[in-house]
Amino acid sequence: MCYNTKYSDINLSQGQVLVVSIRFGPGAERYEVPIIMEMNETKKVVLSGIQPSGTLTLGNYLGALRNWVKVQDEYLCYYMLADLHAITVRQVPADLRQNCFKTAAIYLAAGIDPNKSTLFLQSMVPAHSQLGWVLDCYAMMGELNRMTQFKDKSARHADNINGGLYTYPVLMAADILLYQADLVPVGNDQLQHLELTRDIATRFNHAYSDTFKIPKGLTSETGARIMSLSDPTKKMSKSETGDGTIFMLDSKDVVIRKIRKAVTDSDGEVRYAEGKYGINNLMSIYSAVTGKTFEEIESEFAGKGYGDFKSAVGEAVADELAVLQNEYQHYMSDKAYINQILIEGAEKASYVARKTLSKVYRKVGFYDPAK
Ligand code: TRP
């Protein structure tokens, strides 16, 4: 049997992987053969991920997601939901499952376009765990002992300091190296892990031959680092329980209330200055949302009090989130679509990841009866 199909209307950009399934057999849906096409890679590869361990925050949005969306045309992007990483801290299984699904909807609502970028769930691509194990054997205890996030997290979860928490950065190295990523958009808190990734990759390349691309961080000028509203010396976090965190799905009233309660100072002037952590943070948020510079914000609120400023920030944030929440509701009502995106994303990611993994398996000396 032979079908002639015209692919002229499929627009594959460089480096994109296309998975086509052909169905045949007596009951049309019985046999499915995926055919995978790949363009020559010329675009630089970007990989990043967020743990779906709760509802994403305004910090995740302004600091990460929004920038991921911006670079989709320029780079070949892999955006992952890091659910394997999430279980280094105890999760309620039903919540984790639900959060994975919701976070996929949030990625889409924020503008991650599955026709441009590969959106996938880490646990659906076995190569992450497989390469993670191999790289565990190339990461040194001394290196892992120096990781500050491990020290912080062990202090916060003293009753559950598990091996996964300790080797977490090695799994992250596997995430990045599997896709031969050139650039990794990460916040400051992950730079040490990226440095470790580079060290592990360099060590492996030296021990064998060039296997991994050595990745660099992708820092964006607009990638604001958003701090907690109740303690602006700490990063805004999904796990904070008070009013310091704005969640991406918070209603307008809640956003406005949380911002009104944000910690400020007794100086009374809206200006960016050393030590004015609360105001600096609100200015960063306002600037990220409106595109205004700090100077423009200072003159906009010259002679006005913090009350006016906070109202303006609250309105601006709530309006921006409302657009996204609308999209989110739309995606959440189409479960089949999200599932389809996750299945296709995992297929594309697996195809690329397996190529790196099989090189690694060969280099470390695993026997392959097919070769
Ligand atoms: N560790 C990252 C965080 O908590 C999430 C993550 C997992 C990640 N794997 C990654 C980020 C690979 C960038 C690249 O923020």
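Start by selecting Tyr 138, Phe 204, Tyr 208 and Phe 212, which together form one aromatic cluster. Rings of Phe, Tyr and Trp (its six-membered ring) count as a pair if their centres lie within 6.5 Å; planes under 30 degrees apart are called stacked, over 60 edge-to-face, and the rest tilted.

Before you click on, keep in mind that this is a predicted model, where local features need pLDDT of at least 70 and side-chain atom pairs count only at pLDDT 80 or more, while totals for chains, interfaces and linings use all residues. Residues are numbered from 1 along each chain as its sequence is written, and side-chain values use heavy atoms, with hydrogens and water left out.

**Stop two: aromatic pairs**

How many aromatic pairs does a search of the whole structure find? There are 15 of them. Select Trp 68 and Tyr 79 to see a stacked pair, with 4.5 Å centre to centre and 5° between the planes. Trp 68 belongs to helix α1 (residues 58–70) and Tyr 79 to strand β4 (residues 76–81), so this pair ties together parts that are 11 residues apart in sequence. Helices (H or I, at least four residues) and strands (E, at least two) are DSSP runs, numbered from the N terminus.

Are these two residues buried or exposed? Trp 68 is buried at 1% relative accessibility, and Tyr 79 is buried at 0%. Here buried means under 20% relative accessible area, exposed means over 50%, and partly exposed lies in between (1.4 Å probe, protein chains only).

Now move to Phe 301 and Phe 309, an edge-to-face pair with 5.0 Å centre to centre and 65° between the planes. Phe 301 is buried at 4% relative accessibility, and Phe 309 is buried as well, at 0%.

**Stop three: around the ligand**

Next, select the ligand and the residues around it. A residue is near a molecule if one of its heavy atoms lies within 4 Å of it. Of the 14 residues around the ligand, Gln 51, Tyr 168, Met 172, Asp 175 and Gln 190 come nearest.

Show the side chains and look for polar contacts (pairs of N or O atoms within 3.5 Å; within protein, one must be able to donate a hydrogen and the other to accept it, and residues adjacent in sequence count only if both atoms are side-chain atoms).

- Gln 51 has a polar side-chain atom 3.2 Å from an oxygen atom of the ligand.
- Tyr 168 places a polar side-chain atom 2.7 Å from a nitrogen atom of the ligand.
- Gln 190 has a polar side-chain atom 3.1 Å from a nitrogen atom of the ligand.

Which elements give two or more residues to the shell around the ligand? They are β3 (45–50) and α7 (163–178). The largest share, four residues, comes from α7.

Colour the shell by residue type and you will find eight nonpolar residues, five polar ones and one charged. In this scheme Ala, Val, Leu, Ile, Met, Phe, Trp, Tyr, Cys and Pro are nonpolar, Asp, Glu, Lys and Arg are charged, and the others, Gly among them, are polar.

**Stop four: a loop and two helices**

Follow the chain to Gln 180, in the loop between α7 and β6 (183–184). Its phi is near 50°, a positive value in a residue other than glycine. Gln 180 counts as buried, at 18% relative accessibility.

Select Gly 59 in helix α1. Gly 59 is buried, with a relative accessible area of 15%.

Then pick Val 317 in helix α12 (residues 306–332). Val 317 is buried, at 1% relative accessible area. Thr 290 lies 27 residues from Val 317 in sequence and 8.8 Å away in space, C-alpha to C-alpha.
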